[in-house]
Amino acid sequence: MASDDILIRVEDLVMHFPILAGVLRRKVADVKAVDGISFYVKRGETLGLVGESGCGKTTTGRCVLGLYDITGGKVFFEGTDITKVTGKGRRALRRNMQLVFQDPYASLDPRMTAGDIIGEPMLVHQVAAGNAYREQLAELFTMVGLEPRMSIRYPHEFSGGQRQRIGIARALAVRPKFIVCDEPVSALDVSIQAQVIMLLMKLRQELGLTYLFVAHDLSVVRFISDRVAVMYLGKMAEITRSDELYDNPLHPYTQALLSAVPIPDPVVDRQRKRILLYGDVPSPVNPPSGCHFNPRCRMAIDICKEQEPELRDVGGEHWVACHRV
Amino acid sequence: MAAEATNKTVISVETKGRSLLLEMLVRLVKEKPLGTVGGVIILILFLTGIFANWIAPYGYNEMTSAARLSPPSQHFLLGTDHLGRDILSRIIYGARISVIIGVVGSTIAVIVSLAIALTSGYFGGKVDAAIQRFVDAWMCMPSLFILLTVMSILGPGLIQILIVVGPFFGITQSRIIRSAVIGVKENMYVDAARAVGAPASRIIFRHIFPNVFSTVIVLFTVNMGAVILTESTLSFLGFGIPPPTPAWGSMISESGARFLLLAPGMAFWPGMALSIVVYGVNMLGDGLRDVLDPRLRGGLGRFGGVEKKRAKRREKAEKAQGSV
């Protein structure tokens, strides 16, 4: 594959959060939120990132944007390692990579008007001023389906869906190439979810955006993503094209996850076999040895407890980290 | 503001046309009657201070030895003190000193507080630990001890009082703002600003400061009363404004307390004036806090009752027009 085709490449990303204790704030342990994952996102595609709560999805998204000081690994954006970039260079990078937040109620400053919120990135990066600024602002409002005259309103005067549109417009304000959508629809109700998803897809097409779409709703991810990555406890379990993932899941965790998706047809639903997972997700402070999934895996054998499975290509861009595949 | 907004054609985005200060004042009067009362009290206080020379019936040091400690009468509306000076005149002149001390002292205090709290709270970690240990040490010391030490070095006087009292209150109360800063800092919109690439200065001044402003205003109003009273304590101990210049604090605690049984008015009237001013400042502060918070804009939404009705009527008219 040509390397310029790839917009984002993540290699062995590790993000450990220290747990500090005592008067001296000594480090007693690490929360291994992301523990060595690798993936890439091709230009113009949407990579869905799924997994249950606490598996490191959001952390991964933020690490890619450089919002955390990562513990280890590399993140390449258009071929340059951005983990080494600091100061002004990093700010310039922020222009190319933006974030859409999960909670549209918390992520907008209640003291700023919608216009100020959406315009902030333009002012920070000195993209436009004066009339050009106002014109671009109006354009952004229209682009996300809001009216420019709403710009003097405050966030609390908008509905949840409208707020998320503001969040999206803010991310678009500096014309980034890459946007991390951190569960952009999970705080919205279903009818609004569809609208926002359609908006995101429309914008991707019009502006040639690349998304990393973090979510836990499998049907939403299937709808918007070209490829899907499944995470479990800070590790990558499986990455493949989204139709392949839903038709032919290879990792036992993915299989269990997919069998939990409700099917809106009681006849079909009754016929299929659910794969139930027992027990809880182990603590990311002290993950199990070998494959992180082995204590809950119905296919686990001895090697799973001892050796960590590599993420390997089983053909056709289908990557799985499992000893039994 | 609303009428212009809806009537303009929708091509470019709106910008806030009218001056924010004026808009704020209008809303204060419309939505916060109690805050307006506070504002009027403060305005009267300022005018009294400025025009004391014309308002006061007597000079502040004009003694009528025949009428010492006299009760309120036709000549002396609030009575006289132990030296036969008109209490009303002294209160009117005292407004000057009290206003200056209250406003300037409290402003200095709030600025010092903000400087400490914003750096300490926002940057956190080692910066925070270092600054807060200093604040701890400061708070450990008995307040009067510090005040008297510094005052005895600087000597008595108005400017000296401001230099001492302002930063003193500022350092002690910085912790209140700091905790507000820490609370605001954890909000998602601060993360969002960081993700956008905003520098720390912008995050502090555009996102954190406006969101801790209500705390700042409350602190300012509380400080104002406290600062005026501290001046009286210093005056009582002989480190304040040197006599015979009248200041409310010294009128209450110095001579007022001494003659409390003979002429209660000597302490009562300046005390009353002080209470009214502190009340006024508090009410104005509360009103301003609510007006400044876009989430608390009146019980009827963004505009007060009348505006709301007008907006509704306009909306109806527009709809009717649209359907034709």
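Biologist: What makes residues of chain A and chain B count as in contact, and how many of chain A are in contact with chain B?
Modeller: Two residues are in contact if their C-beta atoms, placed from the backbone, lie within 7 Å. By that rule 33 residues of chain A are in contact with 24 residues of chain B. This is a predicted model, where local features need pLDDT of at least 70, side-chain atom pairs count only at pLDDT 80 or more, and totals for chains, interfaces and linings use all residues. Residues are numbered from 1 along each chain as its sequence is written, and chains are lettered from A in the order in which they are written.

Biologist: Which helix of chain A supplies the largest share of the side that touches chain B?
Modeller: Helix 4 of chain A does, with five residues. Helices (H or I, at least four residues) and strands (E, at least two) are DSSP runs, numbered from the N terminus.

Biologist: Why are strand 7 and strand 8 of chain A said to pair?
Modeller: Pairing requires that DSSP finds at least two bridges between the strands. Strand 7 (residues 178-182) and strand 8 (residues 210-214) of chain A have five bridges, in the parallel sense, so they pair. A:Cys181 stands opposite A:Phe213 in strand 8 of chain A.

Biologist: What makes A:Tyr253 in helix 9 of chain A buried?
Modeller: A residue is buried if 20 or more other C-beta atoms lie within 10 Å of its own, exposed if 12 or fewer, and partly exposed in between. A:Tyr253 is buried, as are A:Pro252, A:Thr254 and A:Leu257 in helix 9 (residues 252-259) of chain A, so each of these residues meets the cut-off of 20 or more.
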